[in-house]
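Please look through the sequence and the model below before reading the report that follows.

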Amino acid sequence: MLTYKGAIAHIAIKVIIVTGTNAFKNASLIMQKIINAIACISFVLTLGSITSVYFGYKYITSPKGQEKIKKQILNELKGSMPNLINKELPKFTQPALPTKPKTKLSI
């Protein structure tokens with residue numbers, strides 16, 4: 001069918017849509033949604049990791065956090081070595097290196 005609008009002639013074209021083409025289009029849209037969902041999840045996980053590292057660093061470098069960590073370490077050391085920390089120096093000690101016995105020279 002030929003129609004005229006002004007000076008330009010238009011021919012009506014009938015488009016045949018194949019069932020396979022529609023299935024491919026639907027499948028590609030589903031894959032695009034899946035890929036977008038995976039990208040969003042990846043972004044959220046990355047953002048969470050970066051945030052936790054940042055706040056962990058801030059906690060460790062703060063004076064309050066350092067004191068808390070020191071107290072925990074000292075409590076664990078006291079629990080694992082209760083007898084060694086509170087003892088005084090032993091009553092009998094030997095020299096650090098053995099020395100030669102003193103001998104007199106006789107002529």
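Which pattern does the chain follow when read along the sequence? The chain follows β-β-α-α-α, with 3 helices and 2 strands in it; helices (H or I, at least four residues) and strands (E, at least two) are DSSP runs, numbered from the N terminus.

This is a predicted model, in which local features need pLDDT of at least 70 and side-chain atom pairs count only at pLDDT 80 or more, while totals for chains, interfaces and linings use all residues. Residues are numbered from 1 along each chain as its sequence is written, and side-chain values use heavy atoms, with hydrogens and water left out.

The chain averages a pLDDT (the predictor's confidence in each residue, from 0 to 100) of 77, and 62% of the residues score at least 70. Confidence is lowest in strand S1 (residues 2–5), at a mean of 56, and highest in H1, at 90. Where pLDDT is low, the predicted coordinates should not be read in detail.

Of the 107 residues of the chain, 1% count as buried, where buried means under 20% relative accessible area, exposed over 50%, and partly exposed in between (1.4 Å probe, protein chains only).

The structure holds 1 aromatic pair, formed by tyrosine 54 and phenylalanine 55, which is edge-to-face at 5.2 Å centre to centre and 70° between the planes. Rings of Phe, Tyr and Trp (its six-membered ring) pair if their centres lie within 6.5 Å, with planes under 30 degrees apart counted as stacked, over 60 as edge-to-face and the rest as tilted.

| Residue | Relative accessible area |
|---|---|
| Tyrosine 54 | 46%, partly exposed |
| Phenylalanine 55 | 53%, exposed |
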